[in-house]
Every structure is written in structure tokens, then in C-alpha cells.
Amino acid sequence: MISPVSSLTSGNVIKILSWNLLHTNGATLTDILTLIRAENPDIVTFQEARPELDILPHELGGTYDRTPLPGRAHGTAYWSRLPVHTKPTLYRLPRGVIVRRNAQVIDFKIFSIANVHLSHGQILNRRQLKTTADILPKHALIIGDFNIVGPVFLPGFQDIGPRERTHHMLNKLPLRLDRCLAKGFSRIEAKTLPRFGSDHRPICLTLRQHA
């Protein structure tokens, strides 16, 4: 078990991981437990999470929730040793031709996190990002697999994630798809972890919340 935190106050330093697990032949439960125990994060967000992750709170304690994409077995999920304020809320995002997307918003009372896996279309995924930003409070993070190529301009938010490439399209073209945008937070550290288990590298951030 990882020791829980009983309360949160403004000015907290939090450590957060995000990882697209690859839903077919991707990261295993053992891979995930190894990463969490090695990095000791406060919060982890997952994309392409499968039902076998549902055992995480039994292994680690804390809180957990998984939301499959419409019509799919996999979707977004989170695990946290920090207390949540309410059950995560699911927000439907502008949909693409094939896959319907959503944002899993986790409310920690003094801040919220939107866990996203956005579409591949470069206009559509920016519309989805703007839709997500519009529902978030003063202190918030948007984190996950953005599937965005190039810079992101989102009023009020700063791109505070690591700058290293996190995915190789067709095992050839390096892309920075896994990102974190923040408002009301400053970055202490941001790094990309070694690739294993999945076709995406995990990202890891240590952040301080502003008053």
C-alpha cells in the first residue's frame, strides 16, 4: 500500500504521472505497479486503460475510477493517493468520424484534473481541448494523450510538460503527443520516463499549486 494523504491545502506540491498504456498487448498490471512503486506519485492518469486495472485500489489503496470510451473496452482511468472531492465527471467532447471521445474530470476540491485522450484530427483535437478547458475551474490541469502535433495555444493555460518525444509513429517518426497544460500551477520538474510496456513513454511532473 502507498500511504494516503488526508487533506489538501493551497500551495501543495503534487507529483503526477500520465501514461497511454496501449490497449492491445500494451503495459501490464505488473508494469503499472512497478512504475507507481518506483516513482511514488500522488496521482496517475491513464489512457487506453483496460478492465484489469480495476484491481489497482486493492493493490495500492487510494481512489480509482475507469471510464471506457463509448463502444470500446478501454478508456481513461486514474489512481490517486490524494482524497477526491466527488466521483469523477465524464464530459463528452466534439466527436470524430470513428471514435467518440470524452474528458474524465477528477475533482480534488481545490483543483481539478482533466484526463484526456484526444482525436487525431489536428483541428478536431484542438476543439476538444478548448471544450475541456471551458469546463475547468481556476486551478486545473489537462493531461494525457493529446495526439496534437506542433504548439498548443490555450488562453489561461501553460504547457508545463516535458519537451521530449513520447511516441514514435509507425516506429519511425518521433512525436510529443503526451502533454500537460496547467493554470494555477508552476512546474518544479517535468521529465519523460523510459519507454517500456507501451508504445508511449510515461510523463512525470512535480508541480506546486498557487494560492
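This is a predicted model: local features need pLDDT of at least 70, side-chain atom pairs count only at pLDDT 80 or more; totals for chains, interfaces and linings use all residues.
The side chains of glutamate 39 and lysine 15 meet in a salt bridge, with 3.1 Å from N to O. Glutamate 39 belongs to helix 1, residues 29–39, while lysine 15 belongs to strand 1, residues 13–20, so the pair ties together parts that are 24 residues apart in sequence.

Are these two residues buried or exposed? Glutamate 39 is buried, since its relative accessible area is 16%. Lysine 15 also counts as buried, at 19% relative accessibility. The pair does not stand alone, because a salt bridge needs a nitrogen and a carboxyl oxygen within 4 Å, and a network of such bridges links Lys15, Glu39 and Lys191.

As a general point, side chains of opposite charge can pair when their charged atoms come close. How many salt bridges does the structure hold? There are ten, and I shall describe two further examples.

One of them joins arginine 66 to aspartate 54, with the closest N and O atoms 2.9 Å apart. This pair links distant parts of the chain: arginine 66 sits in strand 3, residues 63–68, and aspartate 54 in the loop between strand 2 (43–49) and helix 2 (56–60), twelve residues apart.

Another salt bridge forms between aspartate 159 and arginine 176, whose closest N and O atoms are 2.8 Å apart. Aspartate 159 lies in strand 9, residues 158–159, and arginine 176 in the loop between strand 11 (173–175) and strand 12 (178–183); the two are 17 residues apart. Arginine 176 is buried, with a relative accessible area of 12%.

Let us now turn to the aromatic rings. A search of the whole structure finds three aromatic pairs. Among them, tryptophan 19 and phenylalanine 196 form a tilted pair, 5.1 Å centre to centre, with 40 degrees between the planes. Tryptophan 19 is in strand 1 and phenylalanine 196 is in the loop between strand 13 (185–192) and strand 14 (203–209), 177 residues apart. Tryptophan 19 is buried, at 1% relative accessible area, and phenylalanine 196 is partly exposed, at 30%.

Why is the pair of phenylalanine 108 and phenylalanine 111 stacked? Their ring centres are 5.0 Å apart and their planes lie at 20 degrees, so the pair is stacked. Both phenylalanine 108 and phenylalanine 111 are buried. Together with Phe185, Phe108 and Phe111 form one aromatic cluster.

Definitions and conventions. Residues are numbered from 1 along each chain as its sequence is written. Side-chain values use heavy atoms; hydrogens and water are left out. Helices (H or I, at least four residues) and strands (E, at least two) are DSSP runs, numbered from the N terminus. Buried means under 20% relative accessible area, exposed over 50%, partly exposed in between (1.4 Å probe, protein chains only). Rings of Phe, Tyr and Trp (its six-membered ring) pair if their centres lie within 6.5 Å; planes under 30 degrees apart count as stacked, over 60 as edge-to-face and the rest as tilted.
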